[in-house]
Amino acid sequence: MGPLVRTAALNGYVELCHTLGIDPRDLIKRVGLDVAGLAAQDRWISGAAVVELLELSAATAGHEDFGLRLAESRRLSSLGPIGLVVREEPDVRSAVGLLLQHEHMFNEVLHSRLSEHNGLATLKVELRLDEAMQTRQAAELVIAALHLLLRGLTPQWQPLSVCFEHTAPADATTHRRIFGPVLDFGREFHGIVFYAGALDAPNALSDPQLRTYARQYFESIATPRQDTTLPDRVRELIEVLLPTGRCSVEQVARSLGVDRRTVHRRLADSGDTYTSLLNATRMHLAERFVAHPRHSLTEVAHLLGFSMPSAFSHWFKEQFGCSPSEWRNQRGTSSGTDAEADAV
């Protein structure tokens with residue numbers, strides 16, 4: 001069975017379908033879900049089926065903004081019990097941190113990460129499914145829900161950039177209404193970029209008198225994320241550290257609060273090595289970065305932690321069997337900004 005999500009992920013779905021003049025019951029049945037079962041918010045259903053349902057609904061309704069419209073009906077209750085605790089956290093940083101730490105309690109498809117660098121905070125969202133499928137609507141639903149949550153926690157908050165991997169819609173009216181003029185399509189990730197200082201803003205929803213009770217209740221029902229292993233944490237740290245030029249096993253060990261030998265030993269216990277994880281992470285990121293023409297290949301080399309473009313080119317040929325520019329051209333994404341990259 002693939003990753004699951006709570007039925008609350010579809011809160012407001014039936015009402016939105018009626019508003020747009022389409023039959024929700026027929027669409028729900030077509031993706032193999034039980035119409036009656038959606039009434040129970042805490043029931044777990046197939047994440048892939050939900051993603052497919054959103055795409056099918058958008059196509060049937062003829063509205064590319066279907067996911068965004070659905071996000072506008074979101075409330076903290078859609079998160080389940082964790083919504084109670086997020087509401088009472090003292091500041092934005094702790095609220096977001098708690099949400100990301102326990103997102104598996106309401107959605108197993110989501111894998112989100114918050115990073116800070118040079119005064120900027122980047123909240124990235126990845127949708128992990130067991131099969132390749134379109135995720136435009138699901139990604140926009142998630143990003144819009146996070147955007148609305150942050151605005152709820154601190155009404156003065158404004159993003160610097162709202163990023164999507166997919167191309168811009170034919171009509172971006174709803175996108176601009178929700179996010180403002182900071183949309184950035186065709187990026188290598190889904191996410192939101194904002195000033196890191198906003199994380200320290202007080203939570204406008206919080207009631208200090210309720211905070212202790214909310215925490216005590218949540219701790220009694222919270223479950224640890226079962227799939228967060230040391231290799232997972234090392235991969236995440238590698239991805240964050242690569243663009244800084246300081247990605248080393250020593251730096252990863254310091255971030256984990258252990259020494260280098262401990263990292264090597266514990267990775268060996270799971271059949272991994274730091275070098276293999278570094279290479280696998282670079283390959284995963286290279287496919288995403290090279291595919292997007294907004295980055296010159298010299299910039300991609302920097303983002304992957306290579307000090308020289310020639311070193312990146314040599315590594316890429318070893319992994320993919322061709323040069324980065326050839327790989328980009330084969331996928332029809334060559335850009336005139338890469339004049340210097342054909343030497344890469």
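In this predicted model, five strands form an open sheet of 5 strands in the order S3-S4-S7-S5-S6, with mixed pairing, where strands are DSSP runs of E with at least two residues, helices are runs of H or I with at least four, and both are numbered from the N terminus. Strand S3 (110-117) and strand S6 (183-184) stand at the edges with a single partner strand each, so one side of each has no neighbour in the sheet; two strands count as paired if DSSP finds at least two bridges between them. S3 pairs with strand S4 (residues 120-127) in the antiparallel sense over 8 bridges, and Ser112 has Val125 in S4 as its bridge partner.

Helix H7 (residues 136-153) lies across S3, S4, strand S5 (161-163) and strand S7 (190-195), and runs at about 145 degrees to S4.

Turning to helix H12 (residues 260-269), its buried residues (under 20% relative accessible area, with a 1.4 Å probe and protein chains only) are Thr262, Val263 and Leu267. Seen down the axis of H12, these fall within an arc of 125 degrees, so they line one face of the helix. What covers the buried residues of H12 includes helix H10 (230-241), helix H11 (249-256) and helix H13 (274-291), with contact meaning heavy atoms within 4.5 Å. The face turned away from the buried side of H12 carries Arg261 and Asp269, which are exposed, that is, over 50%. Just after H12, Gly271 takes a positive phi of about 80 degrees.

Residues are numbered from 1 along each chain as its sequence is written. Local features need pLDDT of at least 70, side-chain atom pairs count only at pLDDT 80 or more, totals for chains, interfaces and linings use all residues, and side-chain values use heavy atoms, leaving out hydrogens and water.

Notes:
The arc is that of the directions from the helix axis to the C-beta atoms. Axes are lines fitted to C-alpha atoms, for helices over the stretch in contact, and angles run from 0 to 180 degrees between N-to-C directions.
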